[in-house]
Amino acid sequence: AGLCHAAARPDGPFPRQKPFLFLPSAAAGDPGTPVEVSLSADSLEVRGGGSCAAARLPAGVRLEPSSCRGLRRLPADGLHLRLRLRRPPPPADLAFTLRESLKPHKKYIFYCQSCGDIIVKERKFLRVLPLPSENWSDLVEEWCCHPNPFARSTLHPQHDDCFLGDTFFLLNSEDESHKSKENARVICKRCKAMLGETMSSDTIKYYATEVMIEPAEGSFSPIPRSQFVQSMVAQCLVELSSAKSTFRFTVKGDNGKTYILIWLLNSDTLLVESSGSSSSLNVLTLFGDIFMPSSGPVGTWNAVKVLYQPCIKCRNKDLADAWENDVGVHPLKLPSETCLELLLILGLSTASLPPSLRCMNSFQVRNTCY
């Protein structure tokens, strides 16, 4: 169990992936014992010291045994090797983005992601419109030779509108019971989790990491908290990198503080892991759930690969200040509590990697599934 852990990127119309594969020390045998690694198109075996451990790949994923390169054993890691694998491209209809979670002329119910309490009852939107990026007003001075003509302009959705931001939704709250003053936090009545904030007397911002949106005719199916947070953040990174060619991000809390710097390396990683790997399956027990969304013998997930730096307690302040003033860096705003959750998810996942793969140029490495 927990024999292999591989991450790869597709290459070409029928992806020829070039994964890095590592075998934990427990499967690699005693350092002084010769080890034999056998590869076939759909499995891998390791023999040594009178024992044999094996792992099979999921259906549709195939190894190219002849491409095996760089087999070595590192004392603190286990066995490392590189090889190619093939996987058919996923169907186009499996692609999901934040902006596809809502469609006009359909009824939806908004739930608190943490406890499942209904936040917004059946609501049908006639318009679902994307908002400009959060820092659009800062760029107006570069576009206009006269004072900002939009300085006093605000965007307020009507009752049948839903405006979509990078990490949030704007809804009209004229028929909601929890009206409050501007810039006040919106709290779940049941579990007291922060869901968003009031933007005006009739507009509420709900964060995408705090609210689950389901069709009115469906039912609420809970998703483990850590799985939901990392999936939503990964989808956001994929969308923004594709739409804006942006690959560096600052994760900020609703208190204005910067918590994390994220550098997106790629968004087409395939993560394959055998079941029973204590390094990852138990890594998020602080959230009461598991890291991966599968319970099968071998799991495969789409993932993004990121580098990140924590910025809490004044860590990496100079780098954070430099990124803050860089127009090529895109800010992502989340509730402060969620920023800390995300930082914990990143840190614990990094700890599940072998020591030699945890850092790159002072940044920490992380694969985030979605």
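**Exercise 1. A residue in a loop**

Task: Is Asn316 buried, partly exposed or exposed?

Solution: At 26% relative accessibility, Asn316 counts as partly exposed. The scale is simple: buried means under 20% relative accessible area, exposed means over 50%, and partly exposed lies in between (1.4 Å probe, protein chains only). Asn316 sits in the loop between β20 (298-310) and α5. Helices (H or I, at least four residues) and strands (E, at least two) are DSSP runs, numbered from the N terminus. Now check the backbone. Asn316 is not a glycine, yet its phi is positive, about 55 degrees.

This is a predicted model, in which local features need pLDDT of at least 70 and side-chain atom pairs count only at pLDDT 80 or more, while totals for chains, interfaces and linings use all residues. Residues are numbered from 1 along each chain as its sequence is written, and side-chain values use heavy atoms, with hydrogens and water left out.

**Exercise 2. Another positive phi**

Task: Where does Ser245 lie, and what is its phi?

Solution: Ser245 belongs to the loop between α3 (225-244) and β18 (248-252). Its phi is near 50 degrees, a positive value in a residue other than glycine. Ser245 counts as exposed, at 55% relative accessibility.

**Exercise 3. The whole protein**

Task: How many helices and strands does the protein have, and what share of its residues is buried?

Solution: Count the elements. There are six helices and 23 strands. Then take burial. Of the 370 residues, 46% count as buried. The accessible surface comes to about 18300 Å², and 53% of that belongs to carbon and sulfur atoms. Accessible areas come from the Shrake-Rupley method with a 1.4 Å probe; for residues, only the protein chains shown count as cover. Last, look at contacts (heavy atoms within 4.5 Å). Among those between residues at least 6 apart in sequence, 65% join residues at least 24 apart.

**Exercise 4. Salt bridges**

Task: How many salt bridges does the structure hold?

Solution: The structure holds twelve. A salt bridge is a side-chain nitrogen of Lys or Arg within 4 Å of a carboxyl oxygen of Asp or Glu. Work through some of them.

- Glu122 and Lys107 meet through their side chains at 3.9 Å, N to O. Glu122 is in strand β10 (residues 118-124) and Lys107 in strand β9 (residues 107-112), so the pair ties together parts 15 residues apart in sequence. Lys107 is partly exposed, with a relative accessible area of 44%.
- Asp117 and Arg190 form a salt bridge at 3.6 Å, N to O. This pair links distant parts of the chain, 73 residues apart: Asp117 is in the loop between β9 and β10, Arg190 in the loop between β14 (185-187) and β15 (194-200). Arg190 counts as exposed, at 54% relative accessibility.
- Asp321 and Lys317 have their closest N and O atoms 3.0 Å apart. Both lie in helix α5 (residues 317-324), four residues apart, about one turn of the helix. Asp321 is partly exposed at 35%. Lys317 is also partly exposed, at 47%.
- Arg185, Asp254 and Glu337 are linked in a network of salt bridges.

**Exercise 5. Strands side by side**

Task: What is the strand order in the open sheet of three strands?

Solution: The order is β4-β5-β6, with antiparallel pairing. Two strands pair if DSSP finds at least two bridges between them. The edge strands, β4 (36-39) and β6 (51-56), each pair on one side only. Strand β5 (residues 43-48) pairs with β6 over six bridges. Ser43 stands opposite Arg56 in β6.

Task: Which residue in β8 is the bridge partner of Leu63?

Solution: The partner is Leu85. Strand β7 (residues 62-74) and strand β8 (residues 78-86) pair in the antiparallel sense over seven bridges. A hairpin joins β7 to β8 through three residues.

**Exercise 6. A surface patch**

Task: Which residues form the nonpolar patch of about 350 Å²?

Solution: The members are Phe247, Trp263, Leu265 and Met360, and the area is their accessible area together. Patches are made of residues with over 30% relative accessible area and no salt bridge; like charges are joined within 9 Å, nonpolar side chains (Val, Leu, Ile, Met, Phe, Trp, Tyr) within 5 Å. Take Met360. It is found in strand β22 (residues 359-360). Met360 is partly exposed, with a relative accessible area of 36%.
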